[in-house]
Amino acid sequence: MFRVLFLIFILLSGRAQASIDLELAAQYQETYAEGLLRSADITLVGLANLFEFSENNSINDLIIHNSLNRTVKRVPGLRALFTTTVDGKLQYDSFRYPTRNMNLKDRAYVHKAFGLKENELYIGKPIRNTFANFDSLPLSRPIFSEKGYIKGVAVAIMTPDHLIKRDKVCVKCVVSIYKTTGEKITSFPSSFVDFPDVQSLMKDYKPNVPFKIDINKLRTQSLWIPFNDYELVLVYSYFE
């Protein structure tokens, strides 16, 4: 009888430890992703502040290009920085000099940013690059003048795959990041299909509490975590 009770205790302890490990692993990934997003966000705040004052528009274009390019290299996961005018015209660009003659007013990350308040960030839908075979994640903030009117938009382009620390994801796990509206930002591994609707998970299960669901007809122990400062959630699943 004692041996049976002892084996049950070991089994339950192992299951409890698995839940604790799942929570720690998910929290690590959420903290890592939010840290990268915050770095890009702070960069955008600085960029918007730089062009707040009209006298800063007289800075040499090449100097601005080089400064933006250096900033991109210093921020992990960041691929490009650029600004537009209030009409949506590309103004300054870290990627290329001279700046290309482009109008971006029809891009969601530009026209939606015009409707934001000064302290708000727009996180767009990942844009697929069919030639380079990678996604781009646009983040944007409006640029206000010192008098309070909108002068343009500051945009950061991230690589969404960088938001997941891949070498910390176990071989039996899948990690995904979603907008609270249900749109997927990124996942690793990216080959999984038939993933449950994230809005349903948020409705049916409490945050930070492990639960059982099937993914690709396989049983998993999963949980979801909300981001502290952004309208995003991370879902971490372990295949049993």
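Modeller: For this chat, a nonpolar core is a set of buried Ala, Val, Leu, Ile, Met, Phe, Trp, Tyr and Cys residues joined through side-chain atoms within 4.5 Å. The model is predicted, so local features need pLDDT of at least 70 and side-chain atom pairs pLDDT 80 or more, while totals for chains, interfaces and linings use all residues. Residues are numbered from 1 along each chain as its sequence is written, and side-chain values use heavy atoms, leaving out hydrogens and water.

Colleague: Which element gives the most to the largest nonpolar core?

Modeller: That core has 39 residues, and L139, M158 and L163 are those with the most contacts inside it. At least two residues each come from α1 (2–50), α2 (61–74), β1 (78–85), β5 (134–144), β6 (150–158), β7 (173–179), β10 (218–226) and β11 (232–239). The biggest giver, with 9 residues, is α1.

Colleague: Take M158, then. Which residues does M158 touch, leaving out those up to four places away in sequence?

Modeller: Contact here is heavy atoms within 4.5 Å. M158 is one of the core residues with the most contacts inside the core. Its partners are L36, L37, A40, P76, G77, L78, R79, D135, S136, L137, L139 and L163.

Colleague: Over to the 5-stranded open sheet: which are its edge strands?

Modeller: Two strands pair if DSSP finds at least two bridges between them. The order in this sheet is β8-β7-β11-β10-β9, and the pairing is antiparallel. Two of these strands pair on one side only, namely β8 (184–188) and β9 (211–215).

Colleague: Which residue of β8 is the bridge partner of V175?

Modeller: In the sheet order, β8 stands beside β7. These two strands pair in the antiparallel sense over 4 bridges. As for V175, its bridge partner in β8 is F188.

Colleague: Now L234: is it buried or exposed?

Modeller: L234 lies in strand β11, and in the sheet order β11 comes between β7 and β10. Its relative accessible area is 0%, so L234 is buried.

Colleague: How far apart in space are L234 and I177?

Modeller: In sequence they're 57 residues apart. Still, I177 is among the residues in contact with L234. C-alpha to C-alpha, the two are apart by 4.5 Å.

Colleague: What else is L234 in contact with, leaving aside I177 and the neighbours within four places in sequence?

Modeller: Remember that L234 is buried, at 0% relative accessible area. Besides I177, the residues in contact with L234 are A26, Q29, E30, V175, S176, L223, W224, I225 and F227.

Definitions and conventions
Buried means under 20% relative accessible area, exposed over 50%, partly exposed in between (1.4 Å probe, protein chains only).
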